[in-house]
Amino acid sequence: MTTPELRQLRYFLVLAEELSFTRAAARLMIAQQSLSQQITALERSLGVQLFDRDSRGTTLTDIGALFVPEARAVTDRAEEATAMVGRARRGEVGTLNLAFLATVANHLLPPVVRAVRDQLPDLRLTTESTGIAPLVEGVLGRRYDVAFTRTPLVPGLRSRTLATEPVCAVLPEGHPLAERAELKLADLADEPWVMTPRSSWEPWHRAYDDQFREAGFVPTVVQEEASVQSLLGLVAAGVGVTRLARSARSLRRTGVVFVPLTGAFARTEMVWLPGNTAPALHRLLDVVTELAGTTDLTEAG
């Protein structure tokens, strides 16, 4: 006994429904002789007779009748498998691992995940909120398929800008400058500063160095904290001032005041490896890009 071909099973099922070689051949759009040859080959491969053929017509044998649901299960499963491959090729199914920089996760994760789930409900997403260094390392090491973060980053990544927002001076409530509509970085030259440690992400601190240099001062850093939440707590406690993207307001609503800094902006980027050609990834990139064109992704999700 040899394994039948899918084509033979499909021919068998049509003939089992029509019980006429003439009608079955017409329905399959093949010659009647070809159909007869394929059915004979199927019976030979199985070692059984599936149809009785006589002058009164064509009927299923008992074995043939038993074979109908089994053959249909095989062809149905083959069609399901073929459809699944098509969906995978279109990026509608699969698994993607997403990373969100901790400081953007609060406002960015909800709308991104919601949009992808709405448009690609069978695409499985895993999400993780993390710091900038493990985020970049995870994308480069293929732990994450795509990440949502701040610039500047490192070479070797593809990126797409999703949002641009003002950078603000963050001051404690009651600070003499808190009522200003806008500040220059130089206005904060004499203030004590709280900042993330340089070791948290060197590219960010190089950019900060350039900005402070242009403003004409080196900040007096009185305390360092790795998390933005801790920086906001220190500002609220009156320890010092800092500078953050405006969307960080969603992390603390009391005790601090955000005042825009003249000409300072932060970009939120979607990043991935250029060699990643997974269809699901590129469908997600399109969905999120469309979302960014219609939604302010700097507001709390």
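Analyst: Proline 152 is found in the loop between S5 and strand S6 (158–172). Strands here are DSSP runs of E with at least two residues, helices are runs of H or I with at least four, and both are numbered from the N terminus.

This is a predicted model, so local features need pLDDT of at least 70 and side-chain atom pairs pLDDT 80 or more, while totals for chains, interfaces and linings use all residues. Residues are numbered from 1 along each chain as its sequence is written, and side-chain values use heavy atoms, without hydrogens or water.

S5 covers residues 146–150, and five of the five are buried, so the strand is largely enclosed by the rest of the structure. Buried means under 20% relative accessible area, exposed means over 50%, and partly exposed lies in between (1.4 Å probe, protein chains only). In a regular strand the side chains alternate between the two faces of the sheet. Both faces of S5 are covered. Val146, Phe148 and Arg150 are buried on one side. Ala147 and Thr149 are buried on the other.

Now the strand partners. Two strands pair if DSSP finds at least two bridges between them. Strand S3 (residues 94–101) pairs with S5 in the parallel sense, over three bridges. Alanine 99 has alanine 147 of S5 as its bridge partner. Strand S10 (residues 256–272) pairs with S5 in the antiparallel sense, over four bridges. There, alanine 147 stands opposite valine 271 of S10.

Step back to the whole sheet. Six strands make up an open sheet with mixed pairing, in the order S4-S3-S5-S10-S6-S9. Strand S4 (123–130) and strand S9 (242–245) are at the edges with a single partner strand each, so one side of each has no neighbour in the sheet. From one strand to the next, the twist averages 25°. Helix H5 (residues 102–119) lies across S3, S4, S5 and S10. H5 runs at about 155° to S3; angles run from 0 to 180 degrees between N-to-C directions, and axes are lines fitted to C-alpha atoms, for helices over the stretch in contact.

Helix H1 (residues 6–18) packs with helix H3 (residues 32–46) at an angle of about 110°, and their axes are 9 Å apart. The two helices are therefore roughly perpendicular (65 to 115 degrees; under 35 is roughly parallel, over 145 roughly antiparallel, the rest oblique). From H1, Arg7, Gln8, Leu9, Tyr11, Phe12 and Leu15 meet Leu35, Gln38, Ile39, Ala41 and Leu42 of H3. Contact means heavy atoms within 4.5 Å. The residues of this contact divide into eight nonpolar, two polar and one charged. Ala, Val, Leu, Ile, Met, Phe, Trp, Tyr, Cys and Pro count as nonpolar, Asp, Glu, Lys and Arg as charged, and the others, Gly among them, as polar.

H1 has 13 residues and reaches 19 Å from first C-alpha to last, close to the expected 18 Å (1.5 Å times one less than the number of residues). Its buried residues are Gln8, Leu9, Tyr11, Phe12, Leu13, Val14, Leu15 and Ala16. They pack against H2, H3, strand S1 (51–54), strand S2 (57–60) and helix H4 (62–89).

Leucine 19 has a positive phi, near 50°, though not a glycine. Leucine 19 sits in the loop between H1 and helix H2 (21–28) and is partly exposed, at 34% relative accessibility. Methionine 29, in the loop between H2 and H3, also has a positive phi, about 60°. Methionine 29 is exposed, at 73% relative accessible area.

Last, valine 74 in helix H4. Valine 74 is partly exposed, with 41% relative accessible area. Leaving out residues up to four places away in sequence, valine 74 touches Leu6 and Leu9. The C-alpha atoms of valine 74 and valine 167 are separated by 60 Å, with the two residues 93 apart along the chain.
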